[in-house]
Amino acid sequence: AVRRAFAGDLDAPATQDDLTKRERWSFVPPVRVIQSDALHRAVTSLRAVSVSAVGRDKMALLVDQLRAYYAAAPPAAKTMVFCNTVASCRAADFALADAFDDVLCYHGDVNSAAREAALADFRDR
């Protein structure tokens, strides 16, 4: 089965008729449809974890969670931590660098060459 991805959120509910879809998206400029058998495939090794940090030190909690994960994870396990701001990304970077040997930082204030190097390093480890 071929799945489609659009340049933007252009999916209309399947229950709408074609005319309604055209009217709804008439303001959107023409987009190129990208087709692939590999879009939106689940990554079997991906694990998303949400932990309540209410009333707790977030960085200490993050380090504790990762230590517990790595104690049971395969040796080549990788973790990506998403942050809302550059400041929180830097704080996570400092906290994790104190706790672990192998930490990379990636955010919009890092120059493009360093970002590309960090991504390549993360991918290749």
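**Helices, a crossing and a histidine**

Buried residues, meaning those under 20% relative accessible area with a 1.4 Å probe and protein chains only, make up 14% of the 125 residues in the protein. This is a predicted model, in which local features need pLDDT of at least 70, side-chain atom pairs count only at pLDDT 80 or more, and totals for chains, interfaces and linings use all residues. Residues are numbered from 1 along each chain as its sequence is written, and side-chain values use heavy atoms, with hydrogens and water left out.

Student: In what order do the elements of the protein run from the N terminus on?

Tutor: Helices (H or I, at least four residues) and strands (E, at least two) are DSSP runs, numbered from the N terminus. The protein has four helices and two strands. From the N terminus on, their order is β-α-β-α-α-α.

Student: Are H2 and H3 parallel or oblique to each other?

Tutor: Axes here are lines fitted to C-alpha atoms, for helices over the stretch in contact, with angles from 0 to 180 degrees between N-to-C directions. The axes of H2 (residues 58–72) and H3 come within 10 Å and cross at roughly 50 degrees. Under 35 degrees counts as roughly parallel, over 145 as roughly antiparallel, 65 to 115 as roughly perpendicular, and the rest as oblique. The two helices are therefore oblique.

Student: How do the residues of the contact of H2 with H3 divide into nonpolar, polar and charged?

Tutor: Contact means heavy atoms within 4.5 Å. H2 contributes Met59, Leu62, Val63, Leu66 and Arg67, and H3 contributes Ser88, Ala91, Ala92, Ala95, Leu96 and Ala99. Ala, Val, Leu, Ile, Met, Phe, Trp, Tyr, Cys and Pro count as nonpolar, Asp, Glu, Lys and Arg as charged, and the others, Gly among them, as polar. The division is nine nonpolar, one polar and one charged.

Student: Is glutamine 65 buried or partly exposed?

Tutor: Glutamine 65 is in helix H2. Exposed means over 50% relative accessible area, and partly exposed lies between that and the buried limit of 20%. Because its relative accessibility is 35%, glutamine 65 counts as partly exposed.

Student: Is histidine 107 buried or exposed?

Tutor: Histidine 107 is found in the loop between helix H3 (86–99) and helix H4 (112–124). Not counting residues up to four places away in sequence, histidine 107 touches Val86, Cys89, Arg90 and Arg115. Its relative accessibility is 10%, so histidine 107 counts as buried.

Student: How far does the backbone nitrogen of aspartate 109 lie from a polar atom of the side chain of histidine 107?

Tutor: The atoms concerned are the backbone nitrogen of aspartate 109 and a polar atom of the histidine 107 side chain. The distance between them is 3.1 Å.

Key: Polar contact = N/O pair within 3.5 Å; in protein donor to acceptor, adjacent residues only side chain to side chain.
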